[in-house]
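Please have a look at the sequence and the model first.

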Amino acid sequence: MALGAFILFLLAAVMKGMRGDSELLQDFCVADTKSSVFTNGLPCLDPAKVTAQHFVTSVLRTPGNTSGTPTAATFIGVNPQNLPGLNTLGITLARIDIAPGGITGPHIHPRGTEISYVLKGKILAGFVEPRANKLFSQTLEAGDVFVVPKGALHYAANVGDTDAVAINALSSQNPGFLYLPFATFASTPGIPKDILAKSFAITEAQVEQIKKTLGGGS
Ligand SMILES: *[C@@H]1O[C@H](CO)[C@@H](O)[C@H](O)[C@H]1NC(C)=O
């Protein structure tokens, strides 16, 4: 195989692997949110029963209440439950509100690339590329756009004096959310203390302290 053809083949293979949700086989598949059938995505409602209401939601109108959360940040996501028309379309939208000084800690979306538009405020955003653990970080102002590759560990912080709001689009109807602090220190049952102590180069007493603070089991 010529080198050019080989590179094209590799590129196609990589792009196939990086594709988002699976292709739609019909015009739409509005979610039957009451179904108890478990499929990849939600089962489709009878198309004759579909209305305009299935394609609209107002869940992002209302800001999240950041004062009720430990890190002063809230996440409100559009999903096939609150926007049934989204089912199988391979895309979603979320609203992030962060109070001054608040953060969204390190987390991963296993199934979606995230593109973020800052609506208001000043946000420090960053992600780590896993090959060399290199950090890509930027301070974003209203109107700026930041993109996080699928599966990359990332975070955001409000570094301004006002509330910050970002609108995030993700390339999956269900991108998933693995919040690193909880996944590592607050799982049930807990990851053994000695493993966490060795992994993070801290003492088992410190592991215990973090688990207690985050509400994890011992
Ligand atoms: C926001 O949350 C705080 C703490 O839980 C609560 O006291 C307050 O009433 C909430 N505000 C609104 C507008 O819901």
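## Cys 44 and its disulfide

Cys 44 counts as partly exposed because its relative accessibility is 36%, where partly exposed lies between buried (under 20% relative accessible area) and exposed (over 50%), using a 1.4 Å probe and protein chains only. Its partner is Cys 29, joined to Cys 44 by a disulfide with an S to S distance of 2.1 Å; a disulfide here is a pair of cysteine sulfur atoms within 2.5 Å. The two cysteines are 15 residues apart, and both Cys 29 and Cys 44 lie in the loop between α1 (3-18) and β1. Cys 29 has a relative accessible area of 3%, so Cys 29 is buried.

The structure holds 1 disulfide. Which hand does the disulfide have? The torsion about the S-S bond of Cys 29 and Cys 44 is about -105°, so the disulfide is left-handed.

## How to read the values

This is a predicted model, in which local features need pLDDT of at least 70 and side-chain atom pairs count only at pLDDT 80 or more, while totals for chains, interfaces and linings use all residues. Residues are numbered from 1 along each chain as its sequence is written, and side-chain values use heavy atoms, leaving out hydrogens and water.

Asn 87 lies in the loop between β1 (73-77) and β2 (92-98). Its relative accessibility is 0%, so Asn 87 counts as buried.

What does the side chain of Asn 87 pair with? A polar contact of 3.1 Å joins it to the side chain of Gln 173. A polar contact is a pair of N or O atoms within 3.5 Å; within protein, one must be able to donate a hydrogen and the other to accept it, and residues adjacent in sequence count only if both atoms are side-chain atoms.

## The ligand

Asn 65, Ser 67 and Gly 68 are the residues around the ligand, each having a heavy atom within 4 Å of it. A polar side-chain atom of Asn 65 is 2.4 Å from an oxygen atom of the ligand. For Ser 67, an N or O atom in the side chain lies 3.5 Å from a ligand oxygen atom. On its own the ligand has 370 Å² of accessible area, of which the protein covers 25%; accessible areas come from the Shrake-Rupley method with a 1.4 Å probe, and for residues only the protein chains shown count as cover.

## The nonpolar core

The largest nonpolar core has 14 residues; such a core is a set of buried Ala, Val, Leu, Ile, Met, Phe, Trp, Tyr and Cys residues joined through side-chain atoms within 4.5 Å. β2, β5 (122-129), β7 (145-148) and β9 (164-170) each supply at least two of its residues, and β5 gives the largest share, 3 residues.

Ile 123 is one of the residues with the most contacts inside this core. Beyond four places in sequence, the contacts of Ile 123 include Val 118, Leu 140, Val 159 and Ala 166.

## The chain as a whole

The protein chain has 4 helices and 10 strands, which are DSSP runs numbered from the N terminus (helices H or I, at least four residues; strands E, at least two). Buried residues make up 32% of its 218 residues. The protein chain exposes about 13,300 Å², with 62% supplied by carbon and sulfur atoms.

Notes. Contact means heavy atoms within 4.5 Å.
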